[in-house]
Amino acid sequence: MRKFKPILAYWGNFKHHFCTRAAQDVLKIGILDVPFEKGQDKSGVAKGPQKLREAGLIDKLNECCGSLDIKDYGEFSYKNNCKDAQVSNMKHYDDVISCSKELSDKVEEIVRDDRICLTLGGDHSIGIGTIHGHIKARNDENIAVLWVDAHADLNTNQTSTSGNAHGMPMAFLAKELASFWPSRPGAEWFTPRLSVRNLAYIGLRSVDPYENAIMHNLGISYFDMFDIQRYGIDAVVSAALDKMDPHHNKAIHVSFDIDSLDPLEAPSTGTPVRGGLLLREGIHIMSAVYKTGRLGAMDMVEVNPMIGSESDVDKTLSAAIHIIIAAFGRNKREIKADMQHILPPINGFS
Ligand SMILES: NC(=[NH2+])NCCC[C@H](N)C(=O)O
Ligand SMILES: [Mn+2]
Ligand SMILES: [Mn+2]
C-alpha cells in the first residue's frame, strides 16, 4: 500500500489543480438584488435588478447554462443606523456605510452557503459591501478581484471631484490606502482587507489624475482600452488573471460595471464613456473567468433603466444578461449543442 501513496497524493494534487468547477454537474448560485443608488446622482439605477429580472435573467440562466441550482435571496434592504455620521465630500456617507455593513453580512452568508453570489446593483458603491463580505467568508489571502470598468473607482473623499461614492469603492477597500481615510465614522466594523496586489482592472478609459498617480505609485495591474486593442481581449484577460493571482488558487470576485462596455452596446448607464468594450469582449472576459472554475462572486452594476430610449434600455439589459450567463458557462454548452447541429456526419463511424 505504501508505494501507492505518492501516486494518490499526486492524484490529489492533480484534482486540485485541474478539476475545476467547470467539470462539476451543478453550479450553485445565490442571487441578490441591491437597489441602492445613493452612491451617485441619477435616479433609476435602483431599478436595475427588477428590470434585469423582468427581462428574463433567471429563465435565461436556466435555459443557457445547463444544470444550475439557483437560490433567490430576493431584495436586499438595510436600515440607516448611523444617521449622524458624515465625512466631507462623500455624499450620503451614512447610507453608504449602513448599506455596506448589512450587505457585507448578507454576501458573507451566501458565500458560506457555498453559492456563487451574484449581486445585481445598484450603483458601484455596493462593491464595498459585496467584496468585504466575500473576503469575510473566505479570508484575505483567498480572494482576488477583477474590476471591469471604464473607471478606476479609486478616489477618496479628498480627491473626488464629484463627491459620489460610486467613484470611491476601490479606495475604500484597499489596505494600501487605509491611511488616506483618517476617520470613517460609523464604519468601526470595517477593516480594509483587500491588497491591491490582488486586484486587476480591465476596460479603463476614464481615470482621474489622482487615481492615475495612485495606480502607478502602488503598481496596480490594469489593462486599458489601448491594451485590449493592441493585445486582444483573450491575452488581456489571461494576463489580468495571472497578475491578480499568480498561483491561480484564489476565488475570483468580478465587479462588472456595465459602463465598461461601449455606450453603443450599453447606453443606459449614468456615466457612459465612449470607446469601450464590445459586448463580445465582455462575454469573453466572463467565459474566461468561468473556465477557471474559481468564480466566487460577481456584481453587475450601474444598469440604469431610466436612462435613454426604450431600445437603449432593452439593449443594455440584454447586454448585461449575456455577460451574466457567460459567467455561468453559457458558451461552453452552447458550442456543444451547435456543433452537433452543424457538423457533417463523420465517415468511418457507424
Ligand atoms: N462606478 C462609476 N460609474 N464610477 C464613475 C466615477 C466617475 C468619477 N471618477 C468620479 O469619481 O466621480
Ligand atoms: Mn464605471
Ligand atoms: Mn464603476
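Let me start with H124, which, not counting residues up to four places away in sequence, touches G39, D153, H166, P169, D257, V301 and E302, where contact requires the C-beta atoms of two residues, placed from the backbone, to lie within 7 Å. What we are looking at is a predicted model, in which local features need pLDDT of at least 70 and side-chain atom pairs count only at pLDDT 80 or more, while totals for chains, interfaces and linings use all residues. Residues are numbered from 1 along each chain as its sequence is written, and chains are lettered from A and ligands numbered from 1 in the order in which they are written.

As for confidence, the mean pLDDT (the predictor's confidence in each residue, from 0 to 100) is 91, and 87% of the residues reach 70 or more. Over residues 1–20, however, the pLDDT is below 50, and this stretch has two contacts in the model beyond near neighbours in sequence. For the complex, the predictor gives an ipTM of 0.98 and a pTM of 0.90.

Back to H124, which sits in the loop between β3 (116–121) and α5 (127–138), with helices (H or I, at least four residues) and strands (E, at least two) taken as DSSP runs and numbered from the N terminus. H124 counts as buried because 32 other C-beta atoms lie within 10 Å; the cut-offs are 20 or more for buried, 12 or fewer for exposed, and partly exposed in between, with C-beta atoms placed from the backbone. An unreviewed UniProt entry lists H124 under "binding site", although such annotations may be inferred rather than shown by experiment.

Which residues are closest to ligand 1? They are H124, H151, S162, H166 and G167, out of 14 that surround it, a residue being near if its C-beta atom, placed from the backbone, lies within 6 Å. That shell divides into no nonpolar, nine polar and five charged residues, with Ala, Val, Leu, Ile, Met, Phe, Trp, Tyr, Cys and Pro counted as nonpolar, Asp, Glu, Lys and Arg as charged, and the others, Gly among them, as polar.

Turning to the backbone, a cis peptide bond joins G121 and G122, with omega about 10 degrees, and G122 is found in the loop between β3 and α5. In the loop between β2 (68–75) and α4 (93–112), N89 has a positive phi of about 55 degrees although it is not a glycine.

Finally, the largest nonpolar core has 98 residues, and L146 is among those with the most contacts inside it; such a core is a set of buried Ala, Val, Leu, Ile, Met, Phe, Trp, Tyr and Cys residues joined through C-beta atoms within 7 Å.
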